[in-house]
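Please give a brief report on the chain shown here.

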Amino acid sequence: MSRSFYLHAGLLLSLFLITGVSSAKSRIVSTTKTVSPSDSPQGNVENIRAALESSKSELTVILTPGEYIIAGDSQITEDLYDPIFNLSGYENLTIEGYGAALHVQNWATVFSLAGSSNVEIRGLTIDWPDNLPYSFGTISADVTQPQPNGTEGYVDVDMLPSMTARDGLRAHSFLQYDSQKRRPAENGFDHYQSESVPSCQRRSSSVMRCFKEHGWSAEIGDEVIIRHRTYKANAFSITDSKTLTLRDLTVYSAPGMATFIRDVQDVVIDNFAVHVKGDRWMSTAADGIHLDSLRGDLHIQNVSLVGMGDDGLNIHTNYFKVLSKPNANSLELDRLPEGNAVPQEVVPNVGDVMQIGSAENPLIASATATVENISFSTGGFPIVTFRDPLPSWVTVGTKLLNLSAQPTTSLVENCRVERNRARGIIVAVDNATVRNCQFIGNSGPSIFLSADNDFFYEGKPAHNVTIEDNVMMHSNYGAARQPGMLTLRASVGEEIASADTFRNITIRNNTFIHDNETPSIWLSAAGDVHLTGNKTLPTLAPSLGLHPNNSCDITIDGQPWCARHSETFASPLPQAGWRYLWNATAPIGDVSGYTALQWNDNGQFDSDGQAGLPDSSEMGYGHIRYTGGHPGRSTGDGASADRYAIAAYSVPHDGEYEILRSHILPHNQACEGADGVELKVFVDEAERHHQHTPLGEIQHFDIVLGSLHAGQTVYVAVGPGVSDLCDSFEWDFTIGLSTRYGGYYSDDFGPNQPRFGWQYLWNATGDIGQSEQYATLYWNAARDFYDVGSTHNLEHLHLSQIGGHSGPTSSQGQSHSRGVIAAYTIANQNHYIISDSFILPDATCGDGNHVRLYVNDTLITTINAPNGQRTSFDTALGLLDAGDVVYVAVDSKADDRCDYFNWDFAVELIVDFDIFRHQLYLPAITTE
């Protein structure tokens, strides 16, 4: 204690002794009130309210152990009530209830707190045991046909023995359930309905009939949770306050969220449990913990969130949309739901900094502005006046984000989120850490970094986030599914946002345990991402997925994930791993004859490093620049060998690689005598790909490179045709770790040449099943498909992106029945299936087709495909090795008359869960 305090205290004491004035007004007086259970709900509410109203400062209210039945006393709608304890204006308030259980009779928020500071609530248990916001049981009847009450049908539900059918409750949502796994059903239905749906009817003490607004169908025996109320009354609703602590609390149910906190500065949540009680199938009807527009520091630890009807934990700030621009400095703002007044707690404060997004990507700051004043329009919408004039491009519809309305830091640690409908944790703020948590059996992703600027307006794209030492298990299988267990995803309209939307993301030492095919980590719209020490079990499960709209600014275990030519092009020396070469002394493919190109200070690498082209060497006009280049001379031009411009990249670590996001466009202007270019891809000296690209035609060369070891080199080389006349070209491509888990016929279909390990074939000289007798189909640009070319009289036989036509049979004079064959070469050892497949032969005539599946020349199965009938040919292929070829062939039956067909399929990796079950650890599911 400082000397100044002693002097100050001594002066006060002297004044008291001299003047005789009481010092009571200068002392802080603490009030403690103790409440015990009453025999009536009204008595409990009155006693607790009296204690809470005894003081607005330095108050401690202690609820002694026991059951407190409580109820709201002011109904605001048919089934909702005003908060039971509506608190505001407190300073230094503690509510303690170790051993106290609050049992709520109607659908009212229990504690509503606003405008307070230094509040701690601890030790309470809250439940709605006799008025649960949901019912659950087994569907015994499902009728989908218009009803007299205007609905599209109904379901009858046999209630669980512990439940009673209830009249007068609406079915706001139907969620299919799996009582064996005690979690939402895999790929089950999840249907929401409006507030106007008619009430359920009690058919007997154990059977309840609930109506369907939409004509969806269930099956007799399906288990279902019917939520009668969502997103309404909460256990705790806390707004516009400072320094809040929630500790040692348990919530077993709620008609909305366990905890909703908005616009609160400095929050600690410690030892907070949302649990499923007894044989119930759900805890809260909505989120476990929902945090909106917090400020200061957020620390969440030792939380257990189980069985919620929506997200376990959601941390976000808010987007706004411009309604009008009254003047150069002011904007009228709206927020979803559109047309309603913006909640007062999310209206920006004076001094807040707002991020203004562009029309191209509203998620990224194009400008910032500081709030100077707040007023309101006649419609109740905030009019925000800024210190400085706004950019002229800010107009109606522009999106804004309050950068100040998010925690300074957020730490979530030692948590467990289990078996809830939707996401485990949503992080939509900056400077957050999630560590040492377990996520088990959640229907959506375990952790979701999202940026929502067009639905709920719950932003933002997170920056500076660390996700470490977590276990994510058996998640992302149903409602609210995303591309990965841990997903980074941000969109603008229907498109994934640009690659630098999420920034500085570290994901390390996490364990992902699978029972489905979802990737462990899915990245999109992200840059500056660092992946270290993450583990996927079983080891053959997909570990990483990347959207093509991703930058290469990603490292895995300290090494770059990919190298994109245009992003890594550098001068006067190439960036690490890259070399720019030409085959100066040997034919292409002989690396001993490659020589480095030299930087010439004109923005390009050429053979002599001197300004001006052509060079005196056989490279001539050959060079490589940022966006493309030009090959050297051809043998037709007098060179001793065709001279190629070569971009070489040595991979930094072992892995499965591919070339993706590729294109090449030779000179696109009229140039008489020009004949296009040759593009070749080598791994070391092994040629992996060769294509001819005509003048003015854009082509792609995405290919799977397979397993490469650190130091192996990928050479992408462009050479001349017969002549190097007008052979300048534009190009770009990425060499990166493979993100593919198989081949996808229609998605991968490549005009001009096959892509991603595919071949399009026909059995030219032998039966289907004799791959050495197969011949290549050729691209027919005029007809937009692959066919046999002009040397065979088989004009109908072809493959297109959506289907094809099989060939004539032996009964039509052929030596062999001719079929069309799509072949996919396996890049990585794994278990594979044919999935998402169908074939639909022409319905007008003919006798249909056969689909024959082979691995190499081993027949797996033959499927009969009748004409006019959509038939699946999904098939397990088993464990395949790299280099194995899957052949999917279609041939005719008696003849090829009318044997056109539509089709699609995937050759897809699958985790054979039974094989790897011994590697998995699934903790026992417990109930309270």
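How many helices and strands does the chain have? The chain has 4 helices and 73 strands. Both are DSSP runs numbered from the N terminus: helices are H or I with at least four residues, strands are E with at least two.

This is a predicted model, in which local features need pLDDT of at least 70, side-chain atom pairs count only at pLDDT 80 or more, and totals for chains, interfaces and linings use all residues. Residues are numbered from 1 along each chain as its sequence is written, and side-chain values use heavy atoms, leaving out hydrogens and water.

**The whole chain**

The C-alpha trace spans about 115 × 75 × 55 Å along its principal axes. Of the 928 residues, 57% count as buried, meaning under 20% relative accessible area with a 1.4 Å probe, protein chains only. Contacts are heavy atoms within 4.5 Å. Among contacts between residues at least 6 apart in sequence, 70% join residues at least 24 apart.

An open sheet of 6 strands runs in the order β62-β61-β67-β72-β69-β70, with antiparallel pairing. Two strands pair if DSSP finds at least two bridges between them. The edge strands, β62 and β70, each pair on one side only. From one strand to the next, the twist averages 25°, with axes as lines fitted to C-alpha atoms and angles from 0 to 180 degrees between N-to-C directions.

| Strand | Residues |
|---|---|
| β62 | 774–776 |
| β69 | 849–855 |
| β70 | 858–865 |
| β72 | 885–892 |

Strands β69 and β72 pair in the antiparallel sense over 7 bridges. Leucine 853 stands opposite valine 888 in β72.

How values were computed. Buried means under 20% relative accessible area, exposed over 50%, partly exposed in between (1.4 Å probe, protein chains only).
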